[in-house]
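Dear colleague,

Please find the structure below for your files. A summary of the findings follows it.

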Amino acid sequence: MIRTALLVCAKDLRIEMRSRVLLWQVLPFGVMALLLCGIALGPARAGNSSAGPGLFYLVTLLVALLMINRSQSVEKTPGTKASVATLGLDPAGVFLGKSLALASELWVTGVILLAGSVLVLHTSLHGAILALPSVIVTLAALAVAGTLYGALTSGGDGATLLPVLALPAFAPLLIAGERSFSAALHHGGIWRWWLILSVALVVYSAIGILLYGVLEES
Amino acid sequence: MMKQLSQRLFGPLTLTAMGVNLVLGLWIVPPDKVQGELARLVYIHPSVAWVALYVSFGTAAISSALYLWKRTRSVVMDRVAHCAMEVSVVFIALTLITGSIWGRPAWGVWWVWDARLTSSAILGVLALGYLALRRANDDPQLRARRSAVFGVLIAINVPIIHFSVQWWKTLHQGATVFTSNRTLLIHGIQAWTLLISFIAFTMLFFWILRYRYRLEVLRENIAGASLEEALSARRREGAQS
């Protein structure tokens, strides 16, 4: 399973490196969304960093939706599914590999958006560094849940269906992520939220390992 | 024979239970000392929420899980999950509406960003998402598999809603019946009426579910017959030309 996961992860990341969709399409969208949040709030409120954690996660969530769609569209190229089926790859490994690749992309995006929120929304740099472990866990949980929801909505009306299904399910992750970030800014109890996020990560991973094969059955 | 009799009696029994609940809740039980007549909503709102969150979602989640397990995989499980989820959408909407009617005089607003209310609303959107997912897939097997996975996934939200009043500081009152120290916070005729309301609404759910299931079977039969008819027509056209 681990070997399959590493193979699939390497394949997805290699495709990303070659196509550079993340660099030229997703990241500019994220930065633009962050700027729009600042514009919508106005200079006085955007400069007040209390809104920073919530806006950071909101933008990350929107970016994550694009990346989940992208992660699934990679599988839609003719013959890919048939090749995976012929190779007899372990579905749990495929799930973990795709999740790991998505998490890696989200971590890169997250760090850039975090820097953006420090610059644009005046979030404290010290707080942002303290929040980094919880951001990493939140984005990993988003990636795992996102891979599951991406597989659920792949094909047909998937692009429009994904936000409808995934956003309400991501809401608890958004809340926990925002609270842990705010706790880091105010030097509060970050570990409680970190624990909740870790539990979410484990639960979604377990469900994915068990059920991804069912979604990929033909 | 017994099965037919119980099926025939279930409807009238449900209506009787609902009638008893209505009479007791609206006329016989005295008004509450603090909330007055407003407290009569206690014989509707908690039982509607019970059906929405636990009975209907539980039925949908268990049926979905049974569909995913290869030994119990059958079209019946898929249909039950689908029908239960459809009924749950109605009950979640009723929960939010009756909650708002209670909230307006009690809290002064129709809606607050309370953990219980928000998580219930999210569950409602997820249930609508389930129905959207079913409509998005034409292949019956693919649709059943995806819906079953989603049915299990969204069940994670039910414990979050249940414990939300303990995990967060909320305006919504805590548990009255299923308290953490297992002591009832309601007594006498109020407790009995509340119990009857729970039974009546649970019976109503299963009654609606039964009819919705039969409707689904009929709909599938009609869809199958239409397909057969269209195929026969094409074959006739082919034979003539």
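Helices (H or I, at least four residues) and strands (E, at least two) are taken here as DSSP runs, numbered from the N terminus. On that basis, chain B has seven helices and zero strands, and its pattern along the sequence reads α-α-α-α-α-α-α.

This is a predicted model, in which local features need pLDDT of at least 70 and side-chain atom pairs count only at pLDDT 80 or more, whereas totals for chains, interfaces and linings use all residues. Residues are numbered from 1 along each chain as its sequence is written, chains are lettered from A and ligands numbered from 1 in the order in which they are written, and side-chain values use heavy atoms, with hydrogens and water left out.

Along the principal axes, the C-alpha atoms of chain B fill a box of roughly 85 × 45 × 35 Å. Chain B has 241 residues, of which 41% are buried (under 20% relative accessible area, 1.4 Å probe, protein chains only).

Turning to the interface, 25 residues of chain A and 21 residues of chain B are in contact (heavy atoms within 4.5 Å). The area buried between chain A and chain B is about 2,000 Å², with 71% from carbon and sulfur atoms; buried area is the accessible area (1.4 Å probe) that two parts lose on being put together, summed over both. On the side of chain A that touches chain B, the elements giving two or more residues are α7 (125–153), α8 (158–185) and α9 (190–216) of chain A.

Note on methods:
Buried means under 20% relative accessible area, exposed over 50%, partly exposed in between (1.4 Å probe, protein chains only).
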